Amino acid sequence: LRLARSGTVLGAAAVSSYGLRRNDATCASYTGGKISKLREEEFPLTIHHHGKAKVRVLKVRHNSDGGVEGGEKHSVSEFTVHTKLFSPEYAKVFTGEDNDSLVATDTQKNTVYVIAKRTAAESPEQFGLDLAKHFLRTYPVLTAAEVEVEECLWERASVDGQPHDHAFTKVSPERACAVVRLARGAEELPHVKSSIRGMTVLKTTQSGFSDYLKDSYTLLPDTDDRCLATELSAEWTFNGRCVDYSKARAEVRAKLLKGIFGPSHQGVFSVSLQATIYDAACLALSAVPELESINISTPNIHYLPTGQLLERLKVVKPGETVRDVFIPTSEPSGTIFCEVKR
C-alpha cells in the first residue's frame, strides 16, 4: 500500500493494523480488474458495524389446551428486528476490500425467521436474546451482537362478549421494544434495555399547572383543572438479576398508568407533568426489584379550552368555565423528560 503523502510502502505489520490483508493483485482479481477505490490517503477506521434493519416477522403460537371444544387457542407476536454485528476482523471489509468471514446482512435477515421458528418468541427481550446468542454461537469471528426488537401489539378480539380463539385487533400506536447487546465472554450478562413507545394517554380532570415563573413573555394562565394528555415513551434497564421480561414489562406499564391516572374513581391530582412522571417512575422501581433505572419522555398533547371562543360566539356567559369542549393540538408541544435510578 503506497501512501500519497510519504510515498513510502507500508510493511506487512502496518498493513495489518489497517485491516488490509489482501495484496493489490488479490484485490484486482476480487474486483475483476475494475477500479474499486479512489482514495489516495488512508485514515483510521474508528467505529464500524453492520446489520439488517426492518426485518418483520409474525409468530403464531398454537396452544392446543386453551381453545373451546378441543380447538387451538392461538397467540401472536409481530416483531420488527434490527440486527448489528461487531468484530474487529471486519475492519478489512471497509478498508481492505476483503469480505472473507463476513456474515451477510441477508444471512442475518434469514436468521430472524429461523429463530422465530425454533423459539416461542414471546417477548421482544427474549427474542432479541435468542437471536444474539445464536449469532455468537454460530460465528466465532463476532465479538458482540446487538438486536433491537420492536413489537406491534395485537390484542385478542371478542365476539358476542367471548374472547376469540384466533382473532385479534391491533393496538395502535403503542409498541413494546427492547435492545439486547451480548458480548463474547459475557454471554450470561446480557445488557437489556426495554421500552414502551407511543403509549398515548389522556385524563380529563385532576390536572393543573400554576405558580410557575411569569414575566413579560408569559401568556399562559394558571389553572387547577385541565386535560392532561401525552404520547409517553419509557425505557428501563435491569440490574442483572434473573428476569421474567414479560412480567416485568406488564408491571412497569401498570405502574406508569397508575402513576398518571391514580385510583379508578377518585384519580390522583397532577401538579405538573414533571411531578407526575417522577411519581410513576418511583412506583415502577418499587414494584420491579430487577429494574436498575427508568426514564420517561412525555411530549404534551394539548387540549385547549374553548371558553373565550364560545363566549365571543355568545354560546356561554362571560367568565363561564367550559369543561366539555376542547380543541386538540399537538404542535408546538412541551417536552418533559426524567430518568430515575435505584
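Biologist: Which strand gives the largest share of the lining of the second largest pocket?

Modeller: That would be β3, with six residues. Keep in mind that this is a predicted model.

Biologist: How much volume does that second largest pocket have?

Modeller: About 400 Å³. It is lined by 24 residues, and the closest to its centre are Glu151, Leu153, Trp154, Ala176 and Arg249. The elements that give two or more residues to this lining are β2 (73-86), β3 (144-159), β4 (162-183) and α6 (245-261).

Biologist: How do the residues of that lining divide into nonpolar, polar and charged?

Modeller: In the second largest pocket, 10 are nonpolar, four are polar and 10 are charged.

Biologist: OK, and what volume does the largest pocket have?

Modeller: About 1,100 Å³. Its lining has 33 residues, and Leu220, Pro221, Thr223, Arg226 and Pro305 lie nearest the centre. Two or more residues each come from β6 (228-238), α7 (273-287), β8 (302-305) and α8 (307-312).

Biologist: Which element gives the most there?

Modeller: β8 does, with four residues in the lining of the largest pocket. By class, that lining has 15 nonpolar, 11 polar and seven charged residues.

Biologist: New topic: aromatic pairs. How many are there?

Modeller: Three. One of them is Phe79 with Phe127, which is stacked, at 5.1 Å centre to centre and 15° between the planes.

Biologist: Is Phe79 buried or exposed?

Modeller: Phe79 counts as buried because its relative accessibility is 1%. Phe127 is buried too, at 0%.

Biologist: And why do Phe209 and Tyr212 count as a stacked pair?

Modeller: Their ring centres are 4.7 Å apart and their planes are at 15°, so the pair is stacked; the cut-off for stacked is under 30 degrees. Phe209 is partly exposed at 25% relative accessibility, while Tyr212 is buried at 17%.

Biologist: What sits over the ring of Tyr212?

Modeller: The charged end of Lys214, 4.0 Å from the ring centre. Elsewhere, the charged end of Arg181 sits over the ring of Phe86, 4.3 Å from its centre.

Biologist: How many disulfides did you count?

Modeller: Zero disulfides. Take Cys338: the nearest cysteine sulfur belongs to Cys282 and is 8.2 Å away, and the cut-off for a disulfide is within 2.5 Å. Cys338 is buried, with a relative accessible area of 16%.

Biologist: Now the backbone. What kind of peptide bond joins Glu331 and Pro332?

Modeller: A cis one, with omega about -10°. Pro332 is in the loop between β9 (326-329) and β10 (335-341).

Biologist: Why bring that up?

Modeller: Because most peptide bonds are trans. Likewise, most residues other than glycine have a negative phi.

Biologist: So what is phi for Lys54?

Modeller: Near 60°, a positive value, and Lys54 is not a glycine. Lys54 lies in the loop between α2 (24-30) and β1 (55-63), and it counts as exposed because its relative accessibility is 72%.

Biologist: And where is Gln206 found?

Modeller: In the loop between β5 (191-203) and β6. Gln206 also has a positive phi, of about 60°. At 27% relative accessibility, Gln206 counts as partly exposed.

Conventions. Residues numbered from 1 in each chain as written. Predicted model: local features only at pLDDT ≥ 70, side-chain atom pairs only at ≥ 80, totals over all residues. Heavy atoms only, no water. 1 Å grid on protein atoms, 1.4 Å probe; cavity = no way out; pocket = protein on both sides within 12 Å on 5 of 7 lines; lining within 4 Å. Points joined across faces, edges and corners; volume = space filled by probe spheres on them. Nonpolar A, V, L, I, M, F, W, Y, C, P; charged D, E, K, R; others polar. Buried < 20%, exposed > 50% of the residue type's maximum accessible area, 1.4 Å probe, protein only. Phe/Tyr/Trp six-rings, centres within 6.5 Å; stacked < 30°, edge-to-face > 60°. Lys NZ or Arg CZ within 6 Å of the ring centre and 35° of its normal.
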